[in-house]
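I opened this notebook to record what I looked up about side-chain contacts. The entries below follow the order of my search.

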Amino acid sequence: MRRTRRAATAFTVPLAAAPLIATPVFAAAPATASLATAGPAAARSASVRPASVDLAAGARTAPADPVGGPQLASRGVVLNPGAGVPAAPKIKASSWIIADGDTGEVLAAKDPHGQYLPASTLKTLTTLALIPKLDPDRMVRPSQHACDVEGTKVGMTPKMQYRVSDLFHALMMMSANDAAVTLAEANGGMRKTLADMNAEARRINARDTLAGSPNGLDKDLGLTVRTQHTSAYDLALILREGMRNPAFRRYTEKINHWFPAPPTKKERKKGKKTGGYPIHTHNRMLPGQPHEYAGMLGGKNGYTENARQTFVAAARRGGHTIVISLMRADMPPSRYAKQLLDWGFRARGKAKPVGTLVPPGDVAPPKKKDDGVDALPGVNALPGDDSGAGWGLLAAGAGGAVLAAGVLAFVLRRRRHDL
């Protein structure tokens, strides 16, 4: 019997550790759904060779054959030098990309497929995914949970209803986390909204992206780079697709907006049933703002302590559009964004592209390499979601099942022998 226990221990420890060291595949479907029932998008994402984990950098390295072209696998700065091509921008950010928004050509990048925490830049995906699903004139009453969410808020109350379009303005202009949760509730709940966001990411081939929240919060929700992430490449894809939608563009470029609120005592005496107050954009590069950039179309900033400064933006000059994004910058993004945009406008037409922003739809997936057991992180509920699910990772994969069966058979044979 003593030998049996030793054999069981020797094999059980590696088995328990396998999901922790396995290279992950990130699926668009909730953890409770199988790939067979999650739809074509989830099945496609499972066929992509996953990135490897770099815990020290807080990111995952790019796959060898990334979406957009092989040069985009680089972890460092990548550009093709040539006559008239300026030197690469020198900014203190872990990842960035400069692309021609009209042609989709990627002009230069740094670690473009590295996966990082998105902070509030993830709200671009929330908006892109939910605009087609929610009537802008629909009136929505927020839950108390939505009103009490952590971080930046526009300030709402369950005592009144809000127009969906006002919520989108608050979301994209001032990064309102309470508006994000309320929109998710209007869309059928947190679990459905996260599934919709991840399905939209798969549709546009943003394969580095996994949404674990509608607002980009991370530590407050128990999320890490394993359970919520995106890349500079994907942020550029998301914004470029969003700016093709008139409603998305309207929410993104707006500078001031009147947000409804319960009437004050003075307003009630005058017979007013609704009050309100002005809200202002957080994008300091829009016209009339402290860091105004000529031709700025719109964008989205983000910051959390773990994600640091993140930003994605588009500008148009001389009939040409440049899209940029940056992640894990060491200071507010306007100065760095200006350097990236200026470089893009100078290099456009001179620099040989290092890759491309792919269009939505089917793109030939990278070759799959057998890296062992896969792990599927679940799309789980935020506190207050009625699904009752918690945060966590779900170990999966045929390799794990075969290993478990082999260990069980071995232990049973040894036990019979000892008995």
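I take buried to mean under 20% relative accessible area and exposed to mean over 50%, with partly exposed in between (1.4 Å probe, protein chains only). I note that the model is predicted, that local features need pLDDT of at least 70 and side-chain atom pairs pLDDT 80 or more, while totals for chains, interfaces and linings use all residues. Residues are numbered from 1 along each chain as its sequence is written, and side-chain values use heavy atoms, with hydrogens and water left out.

**Entry: salt bridges**

I required a side-chain nitrogen of Lys or Arg within 4 Å of a carboxyl oxygen of Asp or Glu. My search of the whole structure returned ten salt bridges. Which residues did I find linked in a network of salt bridges? They are Glu200, Arg203, Glu241 and Arg244.

I looked up glutamate 200 and arginine 203 and found their salt bridge at 2.8 Å, N to O. Both lie in helix H8 (residues 190-203), and being three residues apart they are separated by about one helical turn. Glutamate 200 is buried at 13% relative accessible area, whereas arginine 203 is partly exposed at 36%.

Arginine 203 also meets glutamate 241 in a salt bridge of 3.3 Å, N to O. Glutamate 241 belongs to helix H9 (residues 232-242) and arginine 203 to helix H8, so this pair ties together parts 38 residues apart in sequence. I recorded glutamate 241 as buried, with a relative accessible area of 17%.

**Entry: aromatic pairs**

I paired rings of Phe, Tyr and Trp (its six-membered ring) with centres within 6.5 Å, calling planes under 30 degrees apart stacked, over 60 edge-to-face and the rest tilted. The whole structure gave three aromatic pairs. Phenylalanine 168 and tyrosine 251 have ring centres 5.2 Å apart and planes at 20 degrees, so I logged the pair as stacked. Phenylalanine 168 is in helix H6 (residues 164-174) and tyrosine 251 in helix H10 (residues 246-253), so the pair ties together parts 83 residues apart in sequence. Both phenylalanine 168 and tyrosine 251 are buried.

I logged phenylalanine 259 and tyrosine 277 as tilted, at 6.2 Å centre to centre and 35 degrees between the planes. Phenylalanine 259 is buried at 0% relative accessible area, while tyrosine 277 is partly exposed at 27%.

Terms used. Helix = DSSP H or I, 4+ residues; strand = E, 2+ residues; numbered from the N terminus.
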